[in-house]
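Here are a few friendly notes to read alongside the model. Please keep the structure open while you go through the points.

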Amino acid sequence: MKSVFLFMVAGLITCNLAAQQTEFKWVTASTDSAIYERVKAAFTSELAPDPYDPKSNVVRQLAKSIERIGLRDNSLLVVIGEKESTTDPYTVSRAFSLDLRTNAKFPVRSKGVEWLWMWRFEKVAHFTSADETDVTFQFLDCTECEAERLLGSFHYVPSTGTWEVRQWSKEDGGALVIGSDVQYGDAGSLWYDCLHAVSDVTGDGLDDVVVRCRESLQPNPEKPFKRVTSDRTVLYTLAGGQLTRTVVGKGSEFSSSVQGTLCATKPDSSLCRKPR
């Protein structure tokens, strides 16, 4: 009986250690100083102020810092922020994947998801299985411009032990529009009223992403009249073993839960007002 008991205890310890290794966690200088110092050493060049180059027209980034460090297995997700000075209100961020075993590092980026203006962490999510890890975030595509607010995700790939930008769909790539400033064009003023949520909408125990955007056009800026040119809700959920993009219509089985989830994020939104 004693040997059986010891075997069971050893099994529980092994299971607990395995679970600890596969769980995602944030790392800071106070929670794990050794890893934090390794990151500082590995990213010495990225954290150094841009050198002066009299021939360059690019604005130098002089204030750089580590914004976030995430750990999953032996792989780190490192987000570095940089700006022109310590008082500059606009930060642009970049993400990297760092292997703790080999110290190999590389940028985590894709088309449209590389320079992340005003990067902001949203949620750690699990879209395709409980073992998968996604770090969702918001960012702007530019500053001091007609900016769009976008939603992206850094996805951990267990088979390679690295981080990558999740591709939401062929249509969307790695960034979903979740809002915008007024866009000015030949047809008039255009803008998007949007709601989004990262939550279990379908009830399968995994996270989904749902985005509703209503596009409005004001042809003449001197007149208050504007018209809705589109109003679409899109759900990204697990189907057939992968994340699938579905346009949610009024007759969809998820239309009610989708609307409820979205309006819970911003109850005062114009998209949640009942028609009179």
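1. How many disulfides does the rule give, if a disulfide is a pair of cysteine sulfur atoms within 2.5 Å? The count comes to three. A word on the basis: this is a predicted model, where local features need pLDDT of at least 70 and side-chain atom pairs count only at pLDDT 80 or more, while totals for chains, interfaces and linings use all residues. Residues are numbered from 1 along each chain as its sequence is written, and side-chain values use heavy atoms, leaving out hydrogens and water.

2. C142 and C145 are bonded with their sulfur atoms 1.6 Å apart. The torsion about this S-S bond is about 90 degrees, so the disulfide is right-handed.

3. C194 is joined to C213 at an S to S distance of 2.0 Å. This pair links distant parts of the chain, 19 residues apart, with C194 in strand β12 and C213 in strand β13 (strands are DSSP runs of E, at least two residues, numbered from the N terminus). C194 counts as buried at 12% relative accessibility, and C213 does too at 14% (buried means under 20% relative accessible area, with a 1.4 Å probe and protein chains only).

Terms used: A disulfide is a pair of cysteine sulfur atoms within 2.5 Å. Helices (H or I, at least four residues) and strands (E, at least two) are DSSP runs, numbered from the N terminus. Buried means under 20% relative accessible area, exposed over 50%, partly exposed in between (1.4 Å probe, protein chains only).
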